[in-house]
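Subject: Structure for you to look at

Dear colleague,

My notes on it follow below the display.

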Amino acid sequence: METSVGGMIEEIIKPIDIFEAMKFENRNELFPMLVRNGLRTMTLWEAMKKANEITTLSCVPDRYRGKLIHAKNLTTLFTVLIDDVVDKYKDRKLLDKISTVPHEEELGVFLMCEKGETSPLSLARSAWNEIMAFLRTSPQFYQYRDLFLFDIGELIQCQRYNYSINITPSLCNCEEYIAYGTHNFNVKPHMTMDLMFSPDFDDEELSDFRAALHHIQIAVQLVNDVYTIDREINEEVSFGNFATIYTLENDGVEIRDVYDGSAHKVVESFAMKKFEKLWDRHIGQARSLLKNVKSFDVDRFLSSVHKIRGMYEMSSGLM
């Protein structure tokens, strides 16, 4: 079948849609398209990409790194979509639907995205399908598949908790937030993805590694909380932030102060006073737990966590 020159040119210049932009070969189009569709800022996406690059473990062979980092970018997108459903839209029915996306294949549900339809649900489903198609190519996929789904489940459970406190702020307390609300930053899912592509990782080090990740995840979530206060209080009126919850419990701030925005300055003041001790405690615990891990460059990994904090500090208010 012959194709005219005009037809060939039309095919070459045909614009891709947001779903096509999720494919690895079109990855350079993804972030600008997300921004055009109102999904956060270029500052955030570029920072998240950099974070995914520098935190990828040294034990991942170079041949996997490019596509792996792209898959991590898509899990970040998946998380942002759920986060917006919880904080911006506060839509329980949509949260229920988007929460089932990681399990649709197991349930025998195969739903395609309708052309031109860019709801959070359709975008999350498309991102998830791309992620899983790539992860299935990993040498350790079946060894770590259940752990990865568990980590994603914890992320979704975190968002269900955040939804609950957004709808019923009187539930807010620091103990539960640390237990349930600090799984939102993809630390564990991304590191499990790394393990899928790390055939030389020593499984005997997994326990210490996971224990350290627990503390790193809390520390990084606290960084996120400190430097996204402005958006979460002034734009989203979200209670899913440790600084906000702490001030509700300890600094005389009331729920109505969050709703009308007057809590903003008090919450920022907490961030400056309390954050350093919390950060030092959890990073110190992580370093101690990783002292006997030899499968990857521990110093490089911990350095990357400090760099993420620095990225948030430089982009304060823009992410």
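Predicted model: local features only at pLDDT ≥ 70, side-chain atom pairs only at ≥ 80, totals over all residues.

Residues are numbered from 1 along each chain as its sequence is written, and side-chain values use heavy atoms, with hydrogens and water left out.

The overall fold

The protein has 15 helices and zero strands, where helices (H or I, at least four residues) and strands (E, at least two) are DSSP runs numbered from the N terminus. Of its 319 residues, 54% are buried; buried here means under 20% relative accessible area, exposed means over 50%, and partly exposed is in between, with a 1.4 Å probe and protein chains only. The accessible surface comes to about 15,200 Å², and carbon and sulfur atoms account for 51% of that surface; the areas come from the Shrake-Rupley method with a 1.4 Å probe, and for residues only the protein chains shown count as cover. If one takes the contacts (heavy atoms within 4.5 Å) between residues at least 6 apart in sequence, 73% of them join residues at least 24 apart.

The cavities

The structure holds four cavities of 30 Å³ or more. A cavity is a set of points, on a 1 Å grid over the protein atoms alone, where a 1.4 Å probe fits but cannot get out, and its lining residues have an atom within 4 Å of a point; grid points are joined across faces, edges and corners, and a volume is the space filled by probe spheres set on the points.

The largest cavity has a volume of about 420 Å³ and is lined by 33 residues, of which Met48, Asn184, Phe185, Asn186 and Tyr312 lie nearest its centre. Among the helices that each supply at least two residues of this lining are α3 (42-55), α4 (62-89), α7 (141-167) and α15 (298-314). By class, the lining of the largest cavity has 15 nonpolar, 12 polar and six charged residues, with Ala, Val, Leu, Ile, Met, Phe, Trp, Tyr, Cys and Pro counted as nonpolar, Asp, Glu, Lys and Arg as charged, and the others, Gly among them, as polar.

The second largest cavity, at about 40 Å³, is lined by Leu222, Asp225, Val226, Phe242, Ala243, Phe270, Phe275 and Leu278. Two or more of these residues come from each of α10, α12 (242-250) and α14 (264-289), and the lining divides into seven nonpolar, no polar and one charged residues.

In α2 (residues 27-36), the residues Leu30, Phe31, Met33 and Leu34 are buried, and their cover includes α3 and α4. After α2 comes glycine 38, with a positive phi near 80 degrees.

A search of the whole structure finds 16 aromatic pairs, a pair being rings of Phe, Tyr and Trp (its six-membered ring) whose centres lie within 6.5 Å, with planes under 30 degrees apart counted as stacked, over 60 as edge-to-face and the rest as tilted. The rings of phenylalanine 31 and tryptophan 45 have centres 5.9 Å apart and planes at 15 degrees, so this pair is stacked. Phenylalanine 31 lies in α2 and tryptophan 45 in α3, so the pair ties together parts that are 14 residues apart in sequence. Phenylalanine 296 and phenylalanine 301 form an edge-to-face pair, at 5.8 Å centre to centre and 80 degrees between the planes, and both residues are buried. Ring pairs also link Phe201, Phe209, Phe296 and Phe301 into a cluster.

Single residues

Aspartate 84 lies in α4 and, at 3% relative accessibility, counts as buried. Leaving aside residues up to four places away in sequence, aspartate 84 touches Leu39, Arg40, Tyr89, Lys90 and Glu236. Arginine 40, in the loop between α2 and α3, has a positive phi of about 60 degrees although it is not a glycine, and it is buried with a relative accessible area of 15%. Valine 237, in the loop between α11 and α12, also has a positive phi, near 50 degrees, and is partly exposed at 22%.

With best wishes

Technical notes:
1 Å grid on protein atoms, 1.4 Å probe; cavity = no way out; pocket = protein on both sides within 12 Å on 5 of 7 lines; lining within 4 Å.
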